Amino acid sequence: MHHRHLSRRTLLAATTAGTAAVTLGAALPAQATAPPTDRALKKIISGMSLEEKVGQLFVMRVYGHSADAPDQADIDANLKEIGVRTADELIDRYKLGGIIYFQWAHNVRDPHQTADLSNGIQRAGQRQPSRIPLLIATDQEHGIVCRVGRPATLFPGAMALGAGGSRTDARRAGQLAGTELRALGIVQDYAPDADVNVNPANPVIGVRSFGADPDAVAALVAAQVKGYQSARVASTAKHFPGHGDTATDSHTGLPVITHTREQWEALDKPSFRAAIAAGIDSIMTAHIVVPALDPAEDPATLSRPILTGILREQLGYDGVVITDSLGMEGVRTKYGDARVPVLALQAGVDQLLNPPTLDVSWNAVLTAVRSGELTEARLDASILRILRLKAKLGLFKDPYVSHRGVDRAVGTAAHLAAADRIAERTTTLLVNKGRLLPLSRRTHRDVLVLGADPASPSLSDGPPTTVIGAALTERGFRATVLATGTAPGQAVIDRAVAAAADVDAVVIGTYNVTAGSAQQKLVNAVAATGVPVVTLSLRNPYDVAQLSAATAHVAAYSWIDVELRAAVRVLTGAVKPRGRLPVPVQRADDPTRVLYPIGYGLTY
C-alpha cells in the first residue's frame with residue numbers, strides 16, 4: 001500500500017515537474033530568467049526557519065536508487081544510519097541543502113535512474129517551505145576515483161593528464177565530464193584534486209594529483225575548473241591547504257604536514273590560488289594539521305587561521321567552502337562529532353559534508369545557535385554563499401533534467417572518442433631495452449598477460465588483466481590471461497613461470513610495488529626465464545624503480561579501461577608514446593637520488 005501510494009505521488013510529481021520550475025524559491029518572481037540577485041536571495045533567507053537554515057548547510061549521503069521508492073535493503077540501511085526511510089523523508093526532516101551520490105549507496109545504477117533520482121530529490125526540495133533547490137554532488141575525479149561508471153564516459157585521472165601536460169586536454173576532459181554530470185542532475189563535482197604530490201609514499205592522494213611541480217599542477221587545475229564550470233557544474237578544488245605531502249591517510253588518521261610557511265607558499269598555495277583566479281565555485285578542506293599555518297594544531301577543516309585567515313582573507317576567496325567528509329577519522333580524533341560541525345562553521349566553512357550521525361551534527365548546530373555560540377547572522381553568511389552558487393547554476397530557474405537530455409549527453413560516441421584520444425597522449429614509456437616496443441605481431445604474437453586486478457574504480461569491462469588481454473586480441477595478438485593478484489604466492493608465481501615458457505612476450509600489470517614484495521618476485525621470476533617482460537604500472541608510476549628486471553616499462557596512472565586500452569595501443573605501436581613523468585621517480589637503492597626526473601619519457 002505504502003509503495004503504491006508513493007509511486008502514484010511520483011507520477012503526479014513527474015507530470016507537474018515542468019510547471020514546478022516556475023515557482024522555485026519562495027521569494028523569487030515567477031518570470032525570473034536571470035539568476036536572482038543578492039537582494040532576492042537575502043529575502044529568501046529572511047523567510048527561512050532556523051531549522052531550514054541549519055539544514056541548508058548540510059550535504060548528506062542517502063541509500064537508494066529512488067527518492068521515494070528505494071529497495072527494502074536501502075530503506076533498512078537508511079533507518080539504521082540516518083533514522084529515515086528515503087531521500088524524501090531525509091529532506092523533509094532535515095531540510096538539507098545538498099545530497100552526495102555514491103555507487104555503494106546505489107544512487108548511480110544507470111543514467112536514466114540517476115536522472116530520475118535527481119528529479120525526485122529536487123521535487124522533495126520544492127515541497128519544503130522555502131522551496132530551495134538542492135546541490136546534488138559527487139566525487140567524479142576520473143582515474144581511480146569515479147562514482148558514476150559506464151555507460152558514462154570515464155576520462156584519464158589527474159596524474160595521467162599531468163603526464164599528457166596539455167591544458168587543452170584537461171579543460172576538454174572537464175567540460176565533457178561536466179556535461180554528462182549535469183545531464184544526470186549532478187551539479188557539483190568534488191574535483192579537481194589540487195594537491196601537489198611531492199611524497200611518493202602518499203597513501204591517499206598519489207595519482208589523484210596532477211603531479212609534483214606546483215606551476216604545472218596550478219595550470220592544469222585552472223584548466224579543469226574552467227572545463228567543468230563551462231558545463232554549468234560547480235567545480236571543487238581540494239584538499240585545502242594541501243594534502244600532497246603526507247604519509248598518513250586522513251580517512252583513518254590525522255596527518256601532520258611539516259612544511260614551513262615558506263614551503264607551503266611555494267608548493268601548496270599556487271594550485272589553490274590558480275583555482276581561485278579561474279573562478280572556482282567551491283573549495284574542499286583537508287583533515288590535516290599544518291602547525292606552520294595554525295600553531296593550535298587543529299585540523300584545517302576546523303582551523304579559523306587557515307580557512308578564514310588564509311583562504312578567505314589572504315587569498316581573497318569568497319566562494320563556498322565545504323568540509324571533506326565528516327565521517328573520516330582525521331576530523332574526529334581531537335573533538336567529538338557534536339563539536340566538529342560547530343567548530344567548522346566557526347572556522348569559516350559553509351557546507352558540512354556527510355557527517356557520521358546527521359541527527360547529532362544537525363542538532364549540535366541548532367543548539368549552538370539557540371545558545372548563542374553561533375549567531376544566526378553567521379549561518380546567513382554561509383547560506384548566502386550557497387544560494388548564490390545555486391543561483392549561478394540556474395537551479396532556481398529549473399533544477400530538473402530529462403531522459404532526452406541524458407541520451408544526448410551521457411556516454412556519446414564523440415565523448416568516448418575524445419577520452420580515447422586524450423588517454424593516448426598520457427601513456428608514458430619509461431624503459432625500452434633493446435627497443436622491444438612497439439611489440440610486433442610478426443615477432444611477438446603470443447602474449448601472456450599477468451598481474452594485479454585491483455577492484456575496478458567504477459563500472460568497466462572487467463578486471464584490468466581481462467581488459468588488457470582483450471585489447472591485445474583486438475590488435476591481432478594471441479593473448480592468454482592469468483590474474484596473479486597484488487600478492488602472488490609461490491604457487492601462483494610457479495604457474496606464471498610455466499605459462500611464460502610458451503609465449504613470445506609477457507605483459508605484467510603492477511600495482512604499487514614495494515621492495516621485496518611478491519609482485520617484484522613475480523616479475524623477477526618471469527624475467528629470469530629469458531622471455532621479454534613488459535611491466536605496466538596500473539597506479540603509481542613509482543613502480544618502475546622496483547622493476548629493474550623488466551625489458552620495458554609503461555606507466556598508465558590508473559586501471560580504468562580507457563587508460564589500459566590506450567596503453568595497449570602504445571605497446572603495440574598503434575600510437576606513439578607521448579606522456580612525460582609529472583613526478584620524479586627516486587632510485588630504489590638510494591631514495592635521495594632521482595632515477596627519472598619530472599619530464600622524462602621515451603618515444604618511438
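I started with the 8 strands that form an open sheet, in the order S7-S6-S5-S4-S3-S2-S1-S8, with parallel pairing. Its edge strands are S7 (320–322) and S8 (352–353), and each pairs on one side only. Two strands pair if DSSP finds at least two bridges between them. Strands (E, at least two residues) and helices (H or I, at least four) are DSSP runs, numbered from the N terminus.

I noted the ground rules next. This is a predicted model, where local features need pLDDT of at least 70 and side-chain atom pairs count only at pLDDT 80 or more, while totals for chains, interfaces and linings use all residues. Residues are numbered from 1 along each chain as its sequence is written, and side-chain values use heavy atoms, with hydrogens and water left out.

I looked up S5 and S6 (residues 282–285). They pair in the parallel sense over 3 bridges. Phe240 stands opposite Thr285 in S6.

I then checked the helix on this sheet. H15 (residues 358–371) lies across S1 (58–60) and S8. H15 runs at about 175° to S1. Angles run from 0 to 180 degrees between N-to-C directions, and axes are lines fitted to C-alpha atoms, for helices over the stretch in contact.

**Entry: Ile322**

Ile322 is found in strand S7. Is Ile322 buried or exposed? I found Ile322 buried, with a relative accessible area of 0%. Buried means under 20% relative accessible area, exposed over 50%, and partly exposed in between (1.4 Å probe, protein chains only).

I listed the contacts of Ile322, leaving aside its neighbours within four places in sequence: Val59, Tyr190, Thr236, Ile283, Met284, Thr285, Gln351 and Leu353. Contact means heavy atoms within 4.5 Å. I also looked at Thr301. Ile322 and Thr301 are 21 residues apart in sequence and 8.6 Å apart in space, C-alpha to C-alpha.

**Entry: the 6-strand sheet**

I moved on to 6 strands that form an open sheet in the order S9-S14-S13-S12-S10-S11. The pairing here is mixed. S9 (428–432) and S11 (478–483) are the edge strands, each pairing on one side only. On average, neighbouring strands of this sheet are turned by 20° against each other, direction ignored.

H20 packs on this sheet and touches S10 (446–451), S11 and S12 (505–510). The direction of H20 makes about 170° with that of S10.

I followed S10 to its partners. S10 and S11 run parallel and are joined by 6 bridges. Asp446 stands opposite Arg478 in S11. S10 and S12 pair in the parallel sense over 5 bridges. Leu450 stands opposite Ile508 in S12. Of the 6 residues of S10, 5 are buried, so S10 is largely enclosed by the rest of the structure.

S13 (residues 533–537) and S14 (residues 552–555) also run parallel, with 4 bridges. Thr535 stands opposite His553 in S14.

**Entry: H20 against H21**

Two packed helices are described by the angle between their axes and the distance between the axes. H20 (residues 490–500) and H21 (residues 518–527) pack at about 25°, with axes 9 Å apart. That makes H20 roughly parallel to H21. Roughly parallel is the term for angles under 35 degrees.

Which residues of H20 meet H21? I found Ile493, Ala496, Val497 and Ala500, and they meet Ala518, Lys521, Leu522, Ala525 and Val526 in H21. The contact residues divide into 8 nonpolar, no polar and 1 charged. Nonpolar covers Ala, Val, Leu, Ile, Met, Phe, Trp, Tyr, Cys and Pro; charged covers Asp, Glu, Lys and Arg; the others, Gly among them, are polar.

**Entry: backbone exceptions**

Most residues other than glycine have a negative phi, and most peptide bonds are trans. I went looking for exceptions.

The peptide bond from Ala191 to Pro192 is cis, with omega near 5°. Pro192 is in the loop between S4 (188–189) and H9 (214–230). Lys238 and His239 are also joined by a cis peptide bond, with omega about 0°. His239 lies in S5 (residues 234–240).

Arg131 is not a glycine, yet has a positive phi of about 50°. I placed Arg131 in the loop between H6 (111–126) and S3 (135–138). Arg131 counts as partly exposed, at 28% relative accessibility.

Tyr557 has a positive phi near 70°. I placed Tyr557 in the loop between S14 and H22 (561–571). Tyr557 counts as buried, at 2% relative accessibility.

How values were computed
Angles under 35 degrees count as roughly parallel, over 145 as roughly antiparallel, 65 to 115 as roughly perpendicular and the rest as oblique.
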